[in-house]
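This report describes selected backbone and packing features of the structure shown below.

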Amino acid sequence: MSEVAVDAVEVPRRAAAAFTPAHRGVLGAALLVLALAAVLGPFAWILTTSFKYQIAIYSGEWPFTPTLANYADVLFGRRSDFVANVTNSLVVASASTAIVLVVATLAAYSLHRFRWPRWVTGALLGWTLVFHMIPVMTLIGPWYVAFRALGLYDTRMALILTHVTINLPMTLWLMRAFFAEVPPEIEEAALVDGCRPLQAFRRVTLPLVVPGLIASGILAFIFSWNEFPIALSLTSRELATVPVAIARFAQQYETQHGQMAAASIIATLPAVLLMALGQRFIVRGLTLGAVK
Amino acid sequence: MELVNRTFRHWSLVPAVLLFAVLTLYPTVNLVRMSVSTIEFTQGGEAWSFTPLRNLALLRADEVVPPAVRNTLLFVVAAVTIEMALGLGLALLVAGVTRGKGLIRTVMILPILVPPVAIGSMWKLLYNYDFGVFNQALVALGLPPANWLGSTSLAMWSVVAVDVWHWVPFVFLILFAAVEALPVDVLEAARVDGATRPQLLRRVILPLLRPAIVVALLFRTILAFKVFDEVYLLTSGGPGTSTELITLHLYKVFFEQNQLGYGALLSLALIAAILAVLLVGGQGVRVARA
């Protein structure tokens, strides 16, 4: 199963022949266009809404006079902390991604390379899996209590630590899959040639899993940037991240539709940007993560 | 040499274990402690008192829990069923396309990576009663506008529709990878032997895809139980309790009613339920893979 799915990335066109005749017709093409429109339509609608004055949104006039007023209002308006929110999100997402990459890569390498007793490997991997399945909301209560006791409530540190924790299972499993594809002989050769173990890891094996680091890094960053329930529960107004700001915005200024659309579009930009840069890695990461 | 090897071996696993122990194991243990307590915040600290029966009584008296459980089950079953059907159909459809697969895949990743909160606020605008795209379409067709998020009968299905939009692409990506990896010679052999197209699909392709389908199903089911962000934005559980989900209720118990002890009890019940699903589902995967 797992090998099969990995193969699919390398041999994209193999099975197409078996399906082709059924869908050569217009029907197949039409359905496909419909599916693409269904995915992209909402984005297009919101994008145009974000450039409309309130009056144009209500009247539904077309064509409309485009304006950047909504974006200006969201970013620099008097009632908006959006620049601070973006800064918070960037700091938390960058720091938590950097930490989770280091922690998970070391752990994945350790599990892969060193002969740990089976129960150690099993307990760690099993627990990460179980933790990944549990709604994070169940642990936010105890986190809240613990962070208050430690004086970390409403700090970026609390968000960074919790975001590292929620991204650790995925990153660990992904890096493990990528390490598994490095032939052990390469590192053994380096050791025979007089490399110390740490050097062998840093100079030989690590460079070979750079695609894995990129894939996990992009996904971890995006998931941290998107994360909502923890940020909502563990921060106050000043340290709110972008998703929290959007939620507050949607509730407090429910009638400012143009601004809501603009804020949604801004929040979507990092994902679109990273996807454009690292699409290949992301598809690999998402399907690997699901299949392995 | 041996010493360096051994120390590297040990410290390489330490950060992950430490992090997990402190931030997941310890809170889980604390959850048990909280679930039998009443916690009140006083100036400069918190007061814990041991009241296991009070929390149980709160659970029994909580009138939101039954509808929340019902809604969550309905949401998970409806959303996951539709997503699996559409995702599988789309994967088979795209497999037959000769050009543009890259484009389709790119487009399909987008909803998975967009912040769920942004998806919620986007769809809130799309569903808007006065000028949302759906009501504009209805009015243009001469039909009366619908109260997508405000009517008790419609709200749940509007929420399910957003989840379907969000997650069909994920099912598609997994199943598409599996479809593309189907052994061509087997399909070819079946066709040479005179299998008709429906036979080929039912007797050859679907059985070969079964492991991937089970994996996608399991993943989606578990993720569907975790849903929170979009629904919080779209309806916050309303109108009434018609879209109240267990995760939303948990948030309200913890942070709106400030019932940390009772919330912990509710969390433990939820974790137990999910572990049960996991065990049954894991068995299913094992059977499907065998």
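A crossing of two helices is called left-handed if the near helix is turned anticlockwise from the far one by less than a right angle, and right-handed if clockwise. The model is predicted: local features need pLDDT of at least 70, side-chain atom pairs count only at pLDDT 80 or more, and totals for chains, interfaces and linings use all residues. Residues are numbered from 1 along each chain as its sequence is written, while chains are lettered from A and ligands numbered from 1 in the order in which they are written.

**Helix crossing in chain B**

Helices are DSSP runs (H or I, at least four residues) numbered from the N terminus. In chain B, helix 3 (residues 65-95) and helix 9 (residues 197-225) have a right-handed crossing. Their axes come within 9 Å and cross at roughly 145°; axes are lines fitted to C-alpha atoms over the stretch in contact, with angles from 0 to 180 degrees between N-to-C directions. Residues of helix 3 of chain B, including F75(B), E83(B) and L88(B), meet residues of helix 9 of chain B, among them L217(B), R220(B) and F225(B); contact requires C-beta atoms, placed from the backbone, within 7 Å. By class, this contact has 11 nonpolar, three polar and two charged residues. Ala, Val, Leu, Ile, Met, Phe, Trp, Tyr, Cys and Pro count as nonpolar, Asp, Glu, Lys and Arg as charged, and the others, Gly among them, as polar.

**Interface between the chains**

Between the chains, 85 residues of chain A are in contact with 87 residues of chain B. On the chain A side, helix 15 (residues 257-291) gives the most, with 15 residues. That side divides into 65 nonpolar, 17 polar and three charged residues.

**Helix 9 of chain A**

Helix 9 (residues 156-180) of chain A is largely enclosed by the rest of the structure, because 21 of its 25 residues are buried. A residue is buried if 20 or more other C-beta atoms lie within 10 Å of its own, exposed if 12 or fewer, and partly exposed in between. Shortly before the proline P169(A), helix 9 of chain A has a kink of about 45° at L168(A), the bend being the angle between axes fitted to the seven residues ending there and the seven starting there.

**Backbone exceptions**

Most residues other than glycine have a negative phi, and most peptide bonds are trans.

| Residue | Phi | C-beta neighbours within 10 Å |
|---|---|---|
| D154(A) | near 60° | 16 |
| S236(B) | about 55° | 15 |

D154(A) is found in the loop between helix 8 (137-150) and helix 9 of chain A. S236(B) lies in the loop between helix 10 and helix 11 of chain B, where P239(B) is also found. The peptide bond from G238(B) to P239(B) is cis, with omega near -5°.

How values were computed
Contact = placed C-beta atoms within 7 Å. Helix = DSSP H or I, 4+ residues; strand = E, 2+ residues; numbered from the N terminus.
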